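Could you walk me through this structure in my viewer? I have never looked at it before, so please tell me what to select at each stop.

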Amino acid sequence: MTHKNPTYTIVQNIRQLATPVTNGKPFLRGRKMRNMETVDNAAVVINSDTIEWIGKDADLPDQYSGNANIIDGSGLVALPGFVDMHTHMVFGATREEEFAMRCSGATYQEIAAKGGGINNTVRSTREADKSKLRKQTMRFLDRMIRHGTTTVEIKSGYGLSENDEVKMLDVIKMVKEDHLINIVPTFLGAHAIPPEYKEHREEYVELVCKKMIPYVARKKLTGFCDVFCENGFFTLEESRRILQTGIEYGLSPKIHADELSPLGGSELAVEVNAVSADHLEHISDKAIEMFAKSDVIAGMLPGVSFYLGHDYAPARKLIDSGAVVALATDFNPGSCVSYSVPLMMTMACTQMKMTPEETLTAATINAAASLNIADKVGSIEKGKQADIVFLQMPNYMYLPYHFGENHVAAVMKSGTWLEYR
Ligand code: NIG
Ligand code: FE
């Protein structure tokens with residue numbers, strides 16, 4: 001038997017390495033989200049796809065240098081790869097004509113009520129075949145990793161029929177196999193009532209609960225079930241039934257809650273012990289207190305408020321109360337056409353008064369926890385997957401500060417080095 005010494009990859013001379021301090025916890029709550037560890041003049045050692053050692057360049061143990069690929073990280077800041085915990089990035093066509101209508105005064109709700117919005121994308125997604133959807137999604141993923149995202153959640157929800165929802169989940173499965181980015185699929189059959197069920201919506205809820213959830217669970221197409229709990233979409237009662245059915249079939253609940261109106265989706269999230277509740281622009285004070293005492297992760301999507309001209313969610317209040325807060329793009333063709341996590345960090349700082357440290361924690365370890373993968377990704381720690389983003393900047397605080405520019409110079413994804421300098 002021969003023993004082959006492992007080949008290490010060492011990134012040396014890193015100007016600054018910054019990572020949330022997890023102390024073995026899956027997420028950071030409240031003000032602890034500010035706990036950031038920084039190492040100036042750092043080195044990181046990667047063994048295959050796993051982080052093996054992190055420390056000061058000067059302290060790099062000799063044992064690694066003998067058999068290593070050395071990469072020069074001078075001038076670069078190393079951060080955990082971003083985890084975009086909420087996207088709808090598989091869709092048939094873009095909706096720039098609706099954007100123009102909104103610029104002329106139409107609201108998102110008015111456009112949706114006239115058959116636009118989500119149902120507009122449902123039409124184009126039903127028409128598209130898997131290969132077109134796959135190709136477009138692969139292109140988006142290439143751009144996303146270029147912006148520092150190394151894990152992305154992708155929801156179904158533009159099919160809204162048995163076949164088309166499965167088609168979307170199949171496409172997500174295909175790109176998961178083909179792309180370097182980690183992909184986490186979520187079933188969102190309850191995204192909107194499709195037009196053919198407009199007059200008998202209870203039959204669509206029945207279809208979701210009796211057919212779709214059992215099927216996607218049996219085929220292991222996803223581990224999560226989401227619902228858009230909102231006036232004109234799914235009522236509180238329907239949302240409860242859909243999420244509880246998901247739980248019966250082993251799917252962890254997620255929810256789009258209190259986005260356009262204070263319907264009570266946040267309280268429902270605590271009731272069903274959802275892994276995350278996202279949007280929360282109209283969350284009640286009572287629900288904020290409930291979040292503080294629960295492990296439901298509050299997903300902030302400031303890009304949507306910015307893009308639709310709506311109020312921002314009370315991230316400051318949530319954090320100060322002790323809630324667990326995550327941050328994502330919600331990349332989709334209607335309410336946020338951006339996959340830049342750093343841009344969301346800037347919005348979270350300037351519009352929601354989160355600190356740069358809090359936004360970094362929200363977009364890494366807490367986002368990973370909302371996908372139940374915080375043991376593998378979300379921080380730069382020994383034993384975790386080597387998902388590290390390298391940015392041309394003086395320090396980590398510079399990232400939300402200098403917006404509208406892509407500072408990413410290189411990405412280490414599961415040990416593979418992608419360079420963009
Ligand atoms: O998360 N809120 C519901 N769904 C999406 C919007 C999707 C669309 O407009 O196509 C969201 O914002
Ligand atoms: Fe969404």
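**A tour of the two ligands**

Start by selecting Arg95 together with ligand 1: an N or O atom in the Arg95 side chain lies 2.8 Å from an oxygen atom of the ligand. Keep in mind as you go that this is a predicted model.

How much of ligand 1 does the protein bury? On its own the ligand exposes 330 Å², and the protein buries 100% of that. Its place is in the largest cavity.

Now show the whole shell. Ligand 1 is surrounded by 15 residues, and Tyr108, Tyr158, Glu259, Asp330 and Ser335 are the closest. By type, the shell holds four nonpolar, eight polar and three charged residues.

For the next stop, pick His88. Its side chain has an N or O atom 3.1 Å from an oxygen atom of ligand 1, and through NE2 His88 also coordinates the iron ion, ligand 2.

Finally, colour the chain by position. The iron donors follow the spacing H-x1-H-x167-H-x73-D. His88 sits in the loop between β6 (82-84) and α2 (96-103), while His256 belongs to strand β10 (residues 252-257), so look for distant parts of the chain, 168 residues apart, linked here.

Conventions: Residues numbered from 1 in each chain as written. Chains lettered and ligands numbered in written order. Predicted model: local features only at pLDDT ≥ 70, side-chain atom pairs only at ≥ 80, totals over all residues. Heavy atoms only, no water. Near = heavy atom within 4 Å. Polar contact = N/O pair within 3.5 Å; in protein donor to acceptor, adjacent residues only side chain to side chain. Areas by Shrake-Rupley, 256 points an atom, 1.4 Å probe, with all protein chains shown as cover. 1 Å grid on protein atoms, 1.4 Å probe; cavity = no way out; pocket = protein on both sides within 12 Å on 5 of 7 lines; lining within 4 Å. Sits in = over half its atoms within 2 Å of the grid points. Nonpolar A, V, L, I, M, F, W, Y, C, P; charged D, E, K, R; others polar. Donors = N, O, S within 2.8 Å, 3.2 Å for Na, K, Ca; no water. Helix = DSSP H or I, 4+ residues; strand = E, 2+ residues; numbered from the N terminus.
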